[in-house]
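Please look over the structure shown here. A short report on its main features comes after it.

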Amino acid sequence: MQAGIVSYGAYVPRYRISPGEIGRVWGTDGEAMGQGLNVLRKSVPSPDEDTITISTESLRTALVRGAIDPQQIGALYVGSESHPYAVKPTATVVAQAVGATPNLTAADFEFACKAGTAAIQTCLGLVGAEMIRYGVAIGTDTSQGAPGDALEYSASAGGAAFVIGREHVICRVLRTLSYTTDTPDFWRREGQKYPSHGGRFTGEPAYFRHVSEAARAIMEASGTTPKDYQHVVFHQPNGKFPQRVGKTLGFTEAQMRYGLVTPYIGNTYSGAALIGLANVLDHAGPKERILVVGYGSGAGSDAFDLETTDEIAKFDRSFGRPVQYYLDHGVALSYAVYAKFRGKIHMGGE
Amino acid sequence: MSIARFWRETPRRYNLGGSKCTNCNTVYFPPRSVCPECTHHRQSIEKMVPFQLSGEGEVLSYTVVHEPAEGFEMLVPYVLALVRTTEGPVLTGQVVDIEPEGIRIGLKVRATFRKLREEGKAGVIHYGYKFAPAEEADTTPVARSPAEPAPEPREPTRARA
Amino acid sequence: MREVAVLGVGQTKFGELWDRSFREIGIEAGLQALVDAKLSSADLGALYLGNMASGSLIDQEHIAPLILDYAGLVGRHLPAFRVEGGGASGALALHQGYLAVASGLYDYVVVGGAEKLTDVPDSAASAIASSAADHEWEVVFGATLPALWALIARRHMHRFGTTREELASVPVHDHAMAAKNPNAHYRNKLTLEQVLGAGPVAEPLGVLDCAPFSDGAAAVVLGPLEIARKHTEIPIRIAASQVASDTMALQHRKEFTTLASTEVAARRAFTQARRAPADVRVAEIHDAYSISALVALEDLGFVDKGRAGPEFASGKFGRGGPLTINPSGGLKAQGRPFGAVGVAQVVEIVRQLRGEAKDRQVADATLGLTHDVGGTGATSVVHLLERAS
């Protein structure tokens, strides 16, 4: 495949809350909950941040790093389940904010946590067919769990932008495929503020089945085994699921080291696998093979067989912050301020 | 509702599009159609061209606002600053991702993209520039995992708690 | 151009006038001034009314004929004008009235200023106050009027070493003055500790560094100096009336510690009157925020640039010194009904020059100055008034 990743950028808001602090409010052992999920802390967006601003920040970083003229972007897709508007695209604001308008196509994608990887596949098609020069795929969320729900311990905010092109490719896409079924493990009905989920039903028949089937299928198609990959990135609704699915498939902790970011920032939903991939690319040298398997409830998995090129050695990552910065830094919030920031407090006059 | 009023300024508010007088090379933000610097200011008419600011700059003055402007209620207390951009124009804007104790004259900042205000729960959302510290040391402390012993709370953390 | 004199003055109490409407206070001040000037309404030529925001505050524009109407003057079908220049609206109206009389177009005009701020919640009054700044490039980005003045204050502190205590000395001074002013919004004394300990608005400015939102109205009657003695034993000559403007947004100034509009208006005024700052014995200056007063002292030429903090804090501008500042209590303590402020300043100076200021009388008050500012100085107005010999 001629089309590949030519640049990328990630952004995670600066505020954090720990499972212990959340549990303190709901009378549960939050620390134990955090250990069970392998989530040490999760990111929280500032009240002036949303999927539009996070997407814009990550794309601006990607455009500067790749020295890409925004007017050469032919398609821009933002995958998210927390678009600020139910009707009115996130993608148009982002396109305007990076100076990509007006000669491009733009749309919002929604497929639970895999809308961003679906956007990458779409861009690969358009760029590969030479319909456009650059395609932008962004996965971002400012996801919310209902107060007190298990999801609240992990649902966080962040995003990553990937520019797909044919020139100066830093990471080739050798193959991509998907595994999709109708599986109602997690959903949010129109007009509902918080999502609902099937509890333990989100495990075996949903996450594990789709991720492992997609991983096996792509390795079979590529004629590879886990040993052929330096890095593997799975969708990571918590820190435990990806570790378990990786072990089952035969991957080692070392291969998952950079791709697993949820323990430090929480589950950024559409951003999760993509921020993991961004962290891998932050550390990767030339000719390193990467397996990425995203997952979105509802349900489906997008798998990517990737290999970095010699170009990555020349790639200037100095603009913007590396993912590691976001994993290491943050300002702790109390639950009260977190509730205010996330709009969980009923204000007068509403 | 002031949709069109916001919308028509989006090139400036989103992207810091200013103007430059090709007669005297002074840069303006927001863009001007006539140059106030040119002695005979008619010299500049039709000589003002679009000019893009980089968004990098330095704090000239600041205040920590406790009685907010409309749309900034959830951010109190917030830092507002006069920022001199590297290209020359001075902008008024919020400095985000910093605790009030960290702001100082001379701080290097860069433009960031944030929500400015919402027209109520059902109305449009307005976006535009704010500023954030440009250097890591000026922004965010190291995150602490729950397993680590709790340090004495820093002033900024307490301010938010 | 004819010489112009102030023939009569009137002013309502400033403060929270819950039981009084905009039109009631406007009429009260105007009629007081007419009576004070011993002027028959038949002689009146026009009304100039300074007002900043009646549309936002009481949903009523077109207020100049409204005040004439309810003052019982409708039968004469006089020309009536509303003048707006943010917080300097009243002073701008005075300038217009001055020009009308000086030109010979009208012999007698009433210049009024009125604002009714308590008919909206404080949050709305704050937003309206901030509308005197650049909405599109300051307010939208989180600025409020006190925040912009705080930016000036911080820069002044950075550049000249002005201290928080020096800023706080301004409201302490104003409240001490207003204690003797029956029309003042606040007549309680303040200590430095109270000002320093008050809640923050926009650091370094706290609640007590900021003038209140008040209701109130003031009015003066202007006429030609040559026939002024028909109306008053002590005509007060308008020795200078000057207006200057500057960029709407603070960010577009070359200097953030000075108001060029005030400097220019003052320079023009002293030139017009052929007088110098040292000749002024009493002044009502713009002190909507504590920093405003310090910057004004420098820009008006009363102290060297950068020296206002220590000089003001030394107490030299109190009663008994060579120059008394804000004997009324200023905007901070007498009150701040936006459009009425500039006219009320003149009312106070006229009473001082006439020797009618009772226990707040400044000795040897011969030349007085008023200074009013709109926003952060996009408009400044300076008047010099003196006792006609």
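The model is predicted.

**Two domains in chain A**

Chain A is split into two domains. Domain 1 covers 4–170 + 318–341, and domain 2 covers 171–312. Their centres, taken over C-alpha atoms, are 16 Å apart. Domain 1 of chain A brings 58 residues to the contact, and domain 2 of chain A brings 53 residues.

Between domain 1 and domain 2 of chain A, about 4200 Å² is buried. Carbon and sulfur atoms give 62% of that area. On the side of domain 1, Asn38(A), Cys113(A) and Ile170(A) lose the most area to domain 2 of chain A. Together these residues account for 15% of what that side buries.

Polar links cross this interface too. There are 30 residue pairs in polar contact between domain 1 and domain 2 of chain A. Which elements of domain 1 touch domain 2? Those that give two or more residues are β1 (4–11), α2 (30–37), β3 (42–44), α5 (115–128), β6 (134–142), β7 (157–165) and α12 (323–328) of chain A. The largest share, seven residues, comes from α5(A). By type, the residues on this side of domain 1 of chain A are 29 nonpolar, 21 polar and eight charged.

One salt bridge is found across the interface of domain 1 and domain 2 of chain A. Separately listed is the salt bridge of Lys114(A) with Asp302(A), whose closest N and O atoms are 3.0 Å apart.

**Chain B**

Chain B has three helices and eight strands. From the N terminus, the order is α-α-β-β-β-β-β-β-β-β-α. Chain B has 161 residues, and 49% of them count as buried. Take the contacts in chain B between residues at least 6 apart in sequence: 50% of these join residues at least 24 apart.

Most residues other than glycine have a negative phi, and most peptide bonds are trans. The table lists exceptions.

| Site | Feature | Value |
|---|---|---|
| Thr101(A) and Pro102(A) | cis peptide bond | omega about 5° |
| Phe29(B) and Pro30(B) | cis peptide bond | omega about -10° |
| His62(C) | positive phi | about 65° |
| His77(C) | positive phi | near 55° |

Where do these sites lie? Pro102(A) is in the loop between α4 (90–97) and β5 (105–109) of chain A. Pro30(B) is in the loop between β2 (27–28) and β3 (48–52) of chain B. His62(C) sits in the loop between α2 (54–58) and α3 (63–70) of chain C. His77(C) is in the loop between α3 and β3 (80–83) of chain C.

Are the two histidines buried or exposed? His62(C) is exposed, with a relative accessible area of 63%. His77(C) is exposed, at 68%.

Definitions and conventions:
Residues are numbered from 1 along each chain as its sequence is written. Chains are lettered from A and ligands numbered from 1 in the order in which they are written. This is a predicted model: local features need pLDDT of at least 70, side-chain atom pairs count only at pLDDT 80 or more; totals for chains, interfaces and linings use all residues. Side-chain values use heavy atoms; hydrogens and water are left out. Domain bounds come from an automatic or database domain assignment. Contact means heavy atoms within 4.5 Å. Buried area is the accessible area (1.4 Å probe) that two parts lose on being put together, summed over both. A salt bridge is a side-chain nitrogen of Lys or Arg within 4 Å of a carboxyl oxygen of Asp or Glu. A polar contact is a pair of N or O atoms within 3.5 Å; within protein, one must be able to donate a hydrogen and the other to accept it, and residues adjacent in sequence count only if both atoms are side-chain atoms. Helices (H or I, at least four residues) and strands (E, at least two) are DSSP runs, numbered from the N terminus. Ala, Val, Leu, Ile, Met, Phe, Trp, Tyr, Cys and Pro count as nonpolar, Asp, Glu, Lys and Arg as charged, and the others, Gly among them, as polar. Buried means under 20% relative accessible area, exposed over 50%, partly exposed in between (1.4 Å probe, protein chains only).
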